[in-house]
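Dear colleague,

Please find the structure below, handed over for your review. My notes on what was found in it follow.

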Amino acid sequence: MQDQYVRIFDTTLRDGEQSPGASLTSNEKLMIARALARMNVDVIEAGFPAASPDDLAAVKKIAMEVGNPQPGQGHKVPIICGLARASQKDIDAAWEAVQHAQKARIHTFLATSPIHMKYKLKMEPQAVLQRVEEMVSYARSLCTDIEFSPEDAGRSEAKFLYQVLEVAIKAGATTLNIPDTVGYTIPEEFGALIAGIRKNVTGIDGVILSVHCHDDLGLATANTIAGIQAGARQAEVTINGIGERAGNTSHEEVVMALNTRRQVFDLETGIDTTQLTRISRLVSTLTGIPVQPNKAIVGANAFAHEAGIHQDGMLKHQETYEIMRPDMVGEVQSRLVLGKHSGRHAFKKNMETLGFELNESDLEQAFERFKNLADNKKNITEADLEAIISDQIYQPLEVFRLEGLQVSCGTMGMPTATVRLRDINGKEYINAALGTGPVDAVFTAINQVVKVTNTLLEYNVNSITEGIDAMGHVSVRLQAENGSTLKRQSPQNNQLSQRTFGGHGVDTDIIVASAKAFLSGLNKILVASGKHDPAQSKENNQPVKDYYEKFAV
Ligand code: KIV
Ligand code: ZN
């Protein structure tokens, strides 16, 4: 009899972070890892340590902190997993990073589809079998919890796949993950693939069978559910479904499907679903990847009812048009919480209810921002408070800070911006520039001071709540200069790729929010390049030094 528990393996920080433009700093990764742990995720795939020294250092930090019990912690300690190609060097890097966790896992993979073996690996099937045997055994000699993935399993030949999986089990794998790497399969096929594996692979009952789907045909969640129905007991997912190309299976969709249709599936996960909306916003803010408004579960319109007939039905009985209640996923967007006259105590209490444990100085700073906002905005909602915090706390080290901004624009003259910035050493810079519009003028004025070569790939403005007095949230994506420290290796194709960085800013004035977002992206590039933050510079960073000595290509 199979157990009824589906393990949630979250790979937002690894496969999700491979999305174009999703580069996160190690502090941001730590914040997301903490939020995933609070939500009771079973396994956090924290990164691909062989990709770069920064990736290794970030996974290590997560393993040390999130992978061990903390005082007063109310959730279980998750397994911390690191990805490795089937090579000793990668496996060593993964182990180097995850070994600090109370429960560590190495996840190694090798492609098994004819097209990948022939053109990418240039390996014969026999050599693939041998490599799987050697590398899974090697990983198992270091760590007791080993996951193996036959990459592109969705397009692999079933009989060969069974052979590979048997070899991996014999070599010591404890979880076998079946990826539909290119999102090619349809639910019936993928379910049959999992059922076939359960029927034909010797030893399969002694390991956990896992599914990992990509969304190229928009079928990732459906395929994952089909795999679970066929007997998989681990689902690999990402928050907001971010990931390579069209993305991975969405965490919130799988969890809420299993939860809402419990009578059909008779399965459970350990996830605290009331945290789904908040973590979705956190991931979107930090990666700079917006969530589409009609995204299931966490999109801004997921619980909005526009049509009159729907609104009428809702007023008569909520379940006429709502299969889940918004509070089940923590959707509290419009709840009014505070106003102009609310004091420090009420503010602190609301922060605590939202799950933010702020130290005295952060609390004081957030309270001041709240008071400024309350002068301009009548009703402050939970979404506003979250935005204030995300703008204050979820920001990189401020190598440059915006102190003042003035723009002139319109049809009567050239758009002009003057900015006043202060750098980390206290030096003040005042600069003015022209542009094609106010945002261009502001970005040009900032660029001339900060002097980091970058390309603006994306610029988005969203309003946080409704109404003319709403705060604007701006997110940008920047491609960094060509510096080698800003490149990293992709696990799948060995290539060094240029990193892109997201930045975000919040203000009732969207030009100010734009300037903050742009500076936030530039500050991330500066921190990642190790040029401005002593704690992150190559000279002073021991994990980075160790990495170069041991693993650098
Ligand atoms: O999609 C994929 O095949 C992967 C593997 C590394 C599991 O992400
Ligand atoms: Zn993947």
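**Helix and strand packing**

The crossing of H8 and H9 is right-handed, a crossing being left-handed if the near helix is turned anticlockwise from the far one by less than a right angle, and right-handed if clockwise. This is a predicted model, in which local features need pLDDT of at least 70 and side-chain atom pairs count only at pLDDT 80 or more, while totals for chains, interfaces and linings use all residues. Residues are numbered from 1 along each chain as its sequence is written, chains are lettered from A and ligands numbered from 1 in the order in which they are written, and side-chain values use heavy atoms, with hydrogens and water left out.

Helix H8 covers residues 220-229 and helix H9 residues 251-260; their axes come within 10 Å and cross at roughly 50°. Axes are lines fitted to C-alpha atoms, for helices over the stretch in contact, and angles run from 0 to 180 degrees between N-to-C directions. H8 and H9 are therefore oblique to each other (under 35 degrees is roughly parallel, over 145 roughly antiparallel, 65 to 115 roughly perpendicular, the rest oblique). On the H8 side the contact (heavy atoms within 4.5 Å) is made by Thr221, Thr224, Ile225 and Ile228, and on the H9 side by Glu253, Val254, Ala257 and Leu258. These residues divide into 5 nonpolar, 2 polar and 1 charged (Ala, Val, Leu, Ile, Met, Phe, Trp, Tyr, Cys and Pro count as nonpolar, Asp, Glu, Lys and Arg as charged, and the others, Gly among them, as polar).

Helix H14 (residues 360-376) packs against helix H15 (residues 382-392) at about 130°, with the axes 10 Å apart. That angle makes H14 oblique to H15, and their crossing is right-handed. Helices (H or I, at least four residues) and strands (E, at least two) are DSSP runs, numbered from the N terminus.

Thr285 lies in helix H11 (residues 276-287). Thr285 is buried, with a relative accessible area of 9% (buried means under 20%, exposed over 50%, partly exposed in between, with a 1.4 Å probe and protein chains only). Neighbours within four places in sequence aside, Thr285 contacts Ser390, His473 and His504.

Finally, an open sheet of 3 strands has the order E14-E15-E18 with antiparallel pairing (two strands pair if DSSP finds at least two bridges between them). Its edge strands are E14 (454-463) and E18 (500-507). Strand E15 (residues 472-480) is joined to E18 by 8 bridges, and Arg477 has Gly502 in E18 as its bridge partner.

Yours sincerely
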